[in-house]
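Student: Please take a close look at the sheet for me, and at what it brings to the ligand's surroundings.

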Amino acid sequence: MASSTATKPVLVVTGTSGAGKGTLVQELLRRVPEVALAVSATTRERRPGEEDGVHYWFLSQEEFDRRFAANEFLEHIAFPWGQRSGTLWSELDRIRGEGRVPLLELEPNGALTVQRHVPGAVTIFVTAPSLEELERRLRERATESAGEIEERLQLAREQLEQSRECTYVIVNDDIGRAAKELVSIVRRELQESTATMRA
Ligand code: 5GP
């Protein structure tokens, strides 16, 4: 019996900013305990309620640079508004060391980088039903300035193109329905990888 954890997938949830992927990811983690979220590192300011080591590792620009130079990142992104975020290899090691399946929540460039470099990666793109709906959600969240919302919308238009390269696309028209779809995709992928390991 082959039992290498290397054949277990790395799951990546991606999508346009404001499409609701954060909520879907929380629901997935609650319903499928085998899956664990890799905590990204970021240079952005902490939002109310966010905790270091839980929502992100909040790093200074200098610390981010140092870790980047030491090749500690699997992938990273520099956003036009100055923020940088990235996935640390140590997070994948930590989660696989617990015998669990890593889940990354990334913007689409990062997701496609992981798809190209990590064998067995499964990428799931979450999108709002329309750009108008996306704008409404971003304004409702209101943690960004008007200029930042415009930049995020422009980015969203470009990101939608990248959904075609992902393994799955989920339209978040209704959060309950979209969560069910995400859970069933992940359960099926985990079953298939277990079946492969037993073969
Ligand atoms: P936020 O700043 O709103 O938490 O996240 C902004 C965007 O950055 C989201 O699309 C989120 O998925 C993405 N993101 C968060 N962490 C990472 C990361 O480690 N790498 C990449 N490529 N994107 C990330």
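Tutor: Two strands pair if DSSP finds at least two bridges between them, and a strand here is a DSSP run (E) of at least two residues, numbered from the N terminus. Bear in mind that this is a predicted model, with local features needing pLDDT of at least 70, side-chain atom pairs pLDDT 80 or more, and totals for chains, interfaces and linings using all residues. Residues count from 1 along each chain as its sequence is written, and side-chain values use heavy atoms, without hydrogens or water.

Let's start with β3 (residues 41-42), which runs parallel to β4 and is joined to it by 2 bridges. Thr42 has Phe58 of β4 as its bridge partner. Zoom out, and you get an open sheet of 4 strands, ordered β4-β3-β6-β5, with mixed pairing. β4 (57-58) and β5 are the edge strands; each has a single partner strand, so one side of each lacks a neighbour in the sheet.

Now for the ligand. There are 17 residues around it, and Ser40, Arg44, Tyr56, Glu75 and Glu107 come nearest (near means a heavy atom within 4 Å). As for polar contacts (N or O pairs within 3.5 Å), a polar side-chain atom of Tyr56 sits 2.5 Å from a ligand oxygen.

Note on methods:
Polar contact = N/O pair within 3.5 Å; in protein donor to acceptor, adjacent residues only side chain to side chain.
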